[in-house]
Amino acid sequence: MRIIASANQKGGCGKTTTAINLSYFLAGKGEKVLLIDFDPQAHATMGLNIDPSDLKVSMYDVVRPWHNGSTGINDILIPIGENFDLAPSSASLSAVEQELSGLTGRESKLLHAIEALQMTYDYIIIDCPPSIGHLCFNALRACEEVIIPIDLSLFSLRGVSKLQEMITALKEKLDHDTTARALITMYDNRTRYSRQVFDEVKEVFRENMFETVIRYNIRLRETSDCGLPIGEYDKHAMGYRDYEDLAEEVIRSQVTKMNQASIGEHPSYIHESPQQHVTEHVGDESTYSAYIMKENTQTD
Ligand SMILES: Nc1ncnc2c1ncn2[C@@H]1O[C@H](COP(=O)(O)OP(=O)(O)OP(=O)(O)O)[C@@H](O)[C@H]1O
Ligand SMILES: [Mg+2]
């Protein structure tokens with residue numbers, strides 16, 4: 001089983017679109033796929049035409065603290081198609097950011113929740129929220145691979161440095177290795193700006209990038225409103241070809257452990273962070289190493 005998170009602190013860079021469509025095409029190729037919506041915005045859930053307000057249980061019930069084991073991930077699954085299940089989210093998941101604070105094992109809630117699924121799925125895809133907090137940290141702890149969608153804006157690249165800091169902290173403190181690869185999204189080769197940022201991304205990520213590039217495609221935007229993956233919406237769209245290519249590249253790619261050293265230094269402007277999406281109580285802790293090390297007096 002491969003566990004892949006779609007993560008970037010920058011909002012609106014294509015995390016959910018990637019998570020939904022990668023899941024759809026992997027399932028279409030005969031892989032058994034679970035998509036975990038791990039974002040309180042529940043866009044992946046809504047993007048598959050499920051209304052979160054109709055749900056009695058969601059990912060919140062699976063990872064919340066003081067959870068006595070009564071709701072497992074199997075209890076919340078919604079079949080979306082052949083080989084394709086969804087673990088839905090709802091707004092209540094946002095409470096976890098506060099509720100997990102200070103608890104022992106807070107970074108491993110999701111990991112433990114999916115342990116039992118080892119034999120059930122070939123792929124678990126996790127759609128992360130656009131913030132760095134307990135949810136994102138749990139997703140990184142649970143996964144072995146991260147797709148970092150980059151919508152060719154410098155803000156998107158800036159979101160990457162915090163993510164990398166978390167990945168490095170996971171490696172150093174918990175010996176958890178994660179392979180991170182950038183995925184260019186919303187690429188428009190007609191604009192010089194797109195081409196320039198593309199070059200910056202290549203400089204930073206070098207070989208840790210997908211060959212597949214997701215082009216800007218209005219049909220992909222329309223799919224969010226219709227609650228359908230692109231494959232169910234328009235088989236002739238560029239977005240269809242691009243996400244099918246991505247699924248093929250994911251399947252054939254070897255899972256090699258990330259060589260963080262081979263990810264280049266970010267140009268200095270990327271470290272300047274004009275937007276702090278860092279969730280407050282995690283942001284209080286000066287580094288993510290400190291976050292992991294700061295162990296805990298309470299237990300769940
Ligand atoms: N390749 C693309 N071409 C055109 N529009 C796209 C493309 N990919 C995504 N979009 C649109 O851009 C918007 C943001 O995409 P998406 O929701 O996938 O981003 P996100 O990173 O998950 O956002 P958030 O940070 O809020 O979770 C959506 O309206 C989506 O339909
Ligand atoms: Mg999203």
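In β6, Ala-5 has Val-146 as its bridge partner. Select these two residues to begin. The model you have open is predicted.

**Stop 1: strand β6.** Now select residues 145-150, which make up β6. Is this strand enclosed or open? It is largely enclosed by the rest of the structure, because 5 of its 6 residues are buried. On one side, β6 pairs with β1 in the parallel sense over 3 bridges. Besides the pair you started with, look for Ile-4, which stands opposite Glu-145 in β6. Glu-145 also stands opposite Thr-179 in β7. The pairing of β6 with β7 is parallel too and has 6 bridges.

**Stop 2: strand β5.** Select residues 123-127, the strand β5. How many of its residues are buried? The count is 5 of 5, so the strand is mostly covered. Colour Tyr-123, Ile-125 and Asp-127, which lie on one side of β5, and then Ile-124 and Ile-126, which lie on the other. All of these are buried, and both faces of the strand are covered. The general rule behind this pattern is that side chains in a regular strand alternate between the two faces of the sheet.

Strand β1, residues 2-6, pairs with β5 in the parallel sense over 5 bridges. Here Arg-2 is found opposite Tyr-123. Strand β2, residues 33-37, runs parallel to β5 and is joined to it by 5 bridges. One pair to pick out is Leu-34 with its bridge partner Ile-124.

**Stop 3: the whole sheet.** Show every strand together. In what order do the 7 strands lie? The order is β3-β4-β2-β5-β1-β6-β7, in an open sheet with mixed pairing. At the edges are β3 (78-81) and β7 (179-184), each of which pairs on one side only. From one strand to the next, the twist averages 25 degrees.

**Stop 4: helix α11.** Select residues 238-252. This helix has 15 residues and reaches 21 Å from its first C-alpha to its last, close to the 21 Å expected at 1.5 Å a residue. Which of its residues are buried? They are Gly-239, Tyr-240, Asp-242, Tyr-243, Glu-244, Leu-246, Ala-247 and Val-250. These buried residues pack against α1, which you have already shown, and against α9 (218-226) and α10 (230-233). When you look down a helix, keep in mind that an α-helix has 3.6 residues a turn, so residues three or four places apart point the same way.

**Stop 5: helices α6 and α7.** Select residues 134-142 for α6 and 154-174 for α7. The two pack at an angle of about 55 degrees, with their axes 10 Å apart. That angle makes α6 oblique to α7. Their crossing is right-handed. To see where they meet, show Phe-137, Leu-140 and Arg-141 in α6 together with Met-166, Ile-167 and Leu-170 in α7.

The chain has 14 helices and 7 strands. Of its 300 residues, 46% count as buried. Among contacts between residues at least 6 apart in sequence, 79% join residues at least 24 apart.

How values were computed: Residues are numbered from 1 along each chain as its sequence is written. Chains are lettered from A and ligands numbered from 1 in the order in which they are written. This is a predicted model: local features need pLDDT of at least 70, side-chain atom pairs count only at pLDDT 80 or more; totals for chains, interfaces and linings use all residues. Helices (H or I, at least four residues) and strands (E, at least two) are DSSP runs, numbered from the N terminus. A residue is buried if 20 or more other C-beta atoms lie within 10 Å of its own, exposed if 12 or fewer, and partly exposed in between; C-beta atoms are placed from the backbone. Two residues are in contact if their C-beta atoms, placed from the backbone, lie within 7 Å. Two strands pair if DSSP finds at least two bridges between them. Axes are lines fitted to C-alpha atoms, for helices over the stretch in contact, and angles run from 0 to 180 degrees between N-to-C directions. The expected span of a helix is 1.5 Å times one less than its number of residues. Angles under 35 degrees count as roughly parallel, over 145 as roughly antiparallel, 65 to 115 as roughly perpendicular and the rest as oblique. A crossing is left-handed if the near helix is turned anticlockwise from the far one by less than a right angle, and right-handed if clockwise.
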